[in-house]
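These are my notebook entries on one protein chain. I set down what I looked up, entry by entry.

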Amino acid sequence: MTSTNVWGSVVREIGGDAVDVRPLISDPVVNPHTYESVPEDAAKIAEADLLVFNGGGYDEFVEKILAAAPRANPTVEASALVGEPQQHMPEPQAVEGHGHSHDHSVNEHFWYDFHAVDAVADRVAADLGKLWPARAQEFAANAERFHAGVRRLADQARQIAAARPGTEVVATEPVAFYLIEESGLTDITPDSFVDAVEAGNDPPAAALAEIQDALDARRASALVFNPQTEGPVTAQLRVRAEQLGIPVVSMTETLPAGQDYLQWMEGQVDSLRRAEGLA
């Protein structure tokens, strides 16, 4: 079992035909932040040989189920692996002029953090190997292939950092925080705007005006936009950016139909590259 189809795709990459992956959330209109679990979810989690979830408050319904009924079988929580040293990828390079106002430690969208995704893949391969020792080498080989794909994504993001270090962007919410950071871009969105949108509140007028001014002055090279959580204010910013000819880069939280994690994320990175005139 996985909490979302994003982590389900990662598990499929590692387990191949040896695993039956069943995400609890696949519908793109369902927000894991606010999802209310049903009794069947708890039963599925209890029965699963392996559970993979995001953690960090993103899919809190899973944390509540585990608190009520701890599991004996292996459980992988992405948030617990964030920051672990990874042999598969070099650490991000410091980029001159690059900065970000938002707190890295509390951003829970870990599937945009290539280092965290690599760590999850390693843990999944190890746990599957313990569950099915006869295929442990196969799982490890699948993980190595997956790591190679993630490295390619990171390399593409760092090409942006090399070509456009510190270039400023605006984001309607911090869903793509880690990718923006890996790409060497600077998110100039006011914290008060982000906090309000994430809480489902109207942002302060001053913060909205600050973003509008950044767009009008073409200070922002792109607007990073999550269409899955569009509201009147963010829709207004999207329309304004489009009218000004500023690229709008859609960054979503769930996989499009028919794509796996690597395909989906390659499209996300390519969207940023095109916005910065590199593709």
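**Entry 1: A222**

I began with A222, which sits in the loop between α9 and β7; helices (H or I, at least four residues) and strands (E, at least two) are DSSP runs, numbered from the N terminus. The model is a predicted one, in which local features need pLDDT of at least 70, side-chain atom pairs count only at pLDDT 80 or more, and totals for chains, interfaces and linings use all residues. Residues are numbered from 1 along each chain as its sequence is written, and side-chain values use heavy atoms, with hydrogens and water left out.

Is A222 buried or exposed? A222 counts as buried because its relative accessibility is 0%; buried means under 20% relative accessible area, exposed over 50%, and partly exposed in between (1.4 Å probe, protein chains only). Leaving aside residues up to four places away in sequence, I found A222 touching E168, V169, V170, I246, P247, V249, A275 and E276, where contact means heavy atoms within 4.5 Å.

**Entry 2: R218**

I noted that R218 also lies in the loop between α9 (205-216) and β7 (223-225). R218 is not a glycine, although its phi is positive, about 55 degrees. Most residues other than glycine have a negative phi.

Which residues does Y261 touch? Beyond four places in sequence, the contacts of Y261 are V6, S9, V10, W111, F114, V117, F146, L153 and L255.

**Entry 3: helix α11**

The 15 residues of α11 should span 21 Å, and the end C-alpha atoms are 21 Å apart, so the two agree. Buried residues in α11 include Y261, L262, W264 and M265. The cover over the buried residues of α11 includes α1, α5, α6, α7 and β8 (248-250).

I placed E13 in helix α1 (residues 5-15). E13 counts as partly exposed because its relative accessibility is 24%. Residues up to four places away in sequence aside, E13 touches N142, F146, D260 and L262. The C-alpha atoms of E13 and F139 are separated by 9.0 Å, and the two residues are 126 residues apart along the chain.

I placed E77 in strand β4 (residues 75-77). E77 is partly exposed, with a relative accessible area of 27%. Residues up to four places away in sequence aside, E77 touches F53, N54, G55 and G56. Between the C-alpha atoms of E77 and V52, 25 residues apart along the chain, the separation is 6.0 Å.

Methods:
The expected span of a helix is 1.5 Å times one less than its number of residues.
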